[in-house]
Amino acid sequence: MRERTKSMSTAEIGLIGLGTMGAALALNIADNGFDIAVWNRTTEKTTAFVDKAGDLASRITGTDTLEDFVKSIKAPRAIILMVPAGKIVDDQIAALRQLLDADDMIIDAGNANFHDTNRRARDVGDLPFLGIGVSGGEEGARFGPSIMGGGKREYWDRVAHILEAISAKHKGQPCATWMGEEGAGHFVKAVHNGIEYADMQMIAETYGIMRDGMGMHHDAIGTTFADWDKGVLRSYLIEISGKVAATKDPESGKPMLDVIVDAAGQKGTGRWTVIEAQHLAAAIPAIDAAVVARNLSAQRQTRAAGQEMFGAAPHHLPHDSLSLDTLEKALIAGKILCYAQGFEMITKASDHYGWTLPLPAIAEVWREGCIIRSDMLDDMASALRDETGRSLMLAPKFAKMLKETHGALRHVVAQAAMHGLAVPALSSGLAYFDTMRTARGTANMIQGQRDFFGAHGFERVDGGTDQHGPWGD
Ligand code: 6PG
């Protein structure tokens, strides 16, 4: 191991796990003037990391054993874990507990399932423990992520000055906020990722309409996203989608998108969100559709067999049947509906887990640094502050926007359906909208069926609960 850059017990914080995110976060911490100790399971990675840290190396203590790592940090210690979610986190906590003092703190900054964070917060007993969701990919981790904290407030307060300093800023305000006890931070991060999935899927669906339905070339698609990025849809995901569409493969000269296999990966956070939504009886159909779309994208052979069996759908939309302006409006409506669902789920979880999750502050913490950052989140924060307890769909600003755009969403979904273009997230957004604007729906039929076959009872519109029908044979 190379000679240590700094002497023992000088670091204000420690970080374990020098993968892409951990390394970027450690540099960010050093860059913000905090001395940091780092440790990685493989010592070579630690050495290489410190060697490449340039001027920042003077603030970084690379250590080759966990014991030295712990000794390098000033007590009471704060140690960030940036290791893959799952058993590795439990193993790392167990190893650390042998070495830590009673008031030292462990901060799990990975993409943990919040149920695991709840369990860990209990299992560590009195040892301070925080679970923080960190969003923004490698660049965010290096230059300012969005941070969603969970655990006891007093633990958060101990490290808030560091987390706020390294976070992204929105007009000077740090995008680092304490969300609530135990796994609240990781829960909010999971919903962030669910929204991320739906936002990405809806963008991919509009890309498909432009490519297959409107016959547009990738350069034109890239320009369209770049144009949309100057309007209501202005967001990181629209910006990068434009860049992705416009990029050429250096090897073949073809658009990059033409050389990428159409099967999406997923590490599981979107799936956790959907599973949790079912537990909470929260309706997040756009997020659900996005996770299902990723699952189906992996079924390449079956899709190819389906095309052979049934023939490719017509795809091409009739000339002038859809404008880019209408497509943009449809995406605006879809996006509002998807966020309305995400915030609805947060409200349900807040009640269920007794977390008192701060909805406006969540919208604020997502305004910069994270993957779903967008201009619209600023208005969402104001709407959630003014309209506590009401769906975002009903907040005046967003209700007005939906009134102006839901017709476009309907037109796009109808055109897509008529021409065999799969738009599962957009169409589920539309079905959600129509359901949520229908005062009298069709569940009376479900209740009739349930009572018929199982005597489950129903409520009458003119009064009386646990009623039964006069069903014949
Ligand atoms: C973020 C992202 C990040 C996520 C990756 C990959 O907020 O920075 O959400 O946490 O893990 O984007 O996620 P998938 O592999 O599930 O697409």
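In this predicted model, the largest nonpolar core holds 84 residues. Phe 187, Phe 343 and Trp 366 touch the most other members of this core. Helix H15, spanning residues 324-353, supplies the largest share, 14 residues. The core also draws on two domains: at least three residues come from each of domain 1 (2-182) and domain 2 (190-436). In soluble globular proteins, nonpolar side chains tend to be buried together.

Residues up to four places away in sequence are not counted here. Its partners include Ser 146 and Met 148. Val 188, Val 191, His 192 and Ile 195 are also among them. Phe 343 and Ile 346 are touched as well. Further contacts are made with Ile 372, Arg 373, Ser 374 and Leu 377. A second core is separate and has 38 residues. Among its members are Ala 24, Ala 78, Ile 107 and Val 159.

The model also holds a ligand, surrounded by 14 residues. The closest are Ser 135, Lys 189, Glu 196, Tyr 197 and Arg 294. Helix H8 (residues 184-213) gives the largest share of this shell, five residues. The side chain of Tyr 197 places an N or O atom 2.5 Å from a ligand oxygen. For the side chain of Lys 189, the corresponding distance to an oxygen atom of the ligand is 2.7 Å. Lys 267 contributes through its backbone, with an N or O atom 3.0 Å from a ligand oxygen. On its own, the ligand has 410 Å² of accessible area, and the protein covers 81% of it.

Definitions and conventions
Residues are numbered from 1 along each chain as its sequence is written. This is a predicted model: local features need pLDDT of at least 70, side-chain atom pairs count only at pLDDT 80 or more; totals for chains, interfaces and linings use all residues. Side-chain values use heavy atoms; hydrogens and water are left out. A nonpolar core is a set of buried Ala, Val, Leu, Ile, Met, Phe, Trp, Tyr and Cys residues joined through side-chain atoms within 4.5 Å. Buried means under 20% relative accessible area, exposed over 50%, partly exposed in between (1.4 Å probe, protein chains only). Helices (H or I, at least four residues) and strands (E, at least two) are DSSP runs, numbered from the N terminus. Domain bounds come from an automatic or database domain assignment. Contact means heavy atoms within 4.5 Å. A residue is near a molecule or strand if one of its heavy atoms lies within 4 Å of it. A polar contact is a pair of N or O atoms within 3.5 Å; within protein, one must be able to donate a hydrogen and the other to accept it, and residues adjacent in sequence count only if both atoms are side-chain atoms. Accessible areas come from the Shrake-Rupley method with a 1.4 Å probe; for residues, only the protein chains shown count as cover.
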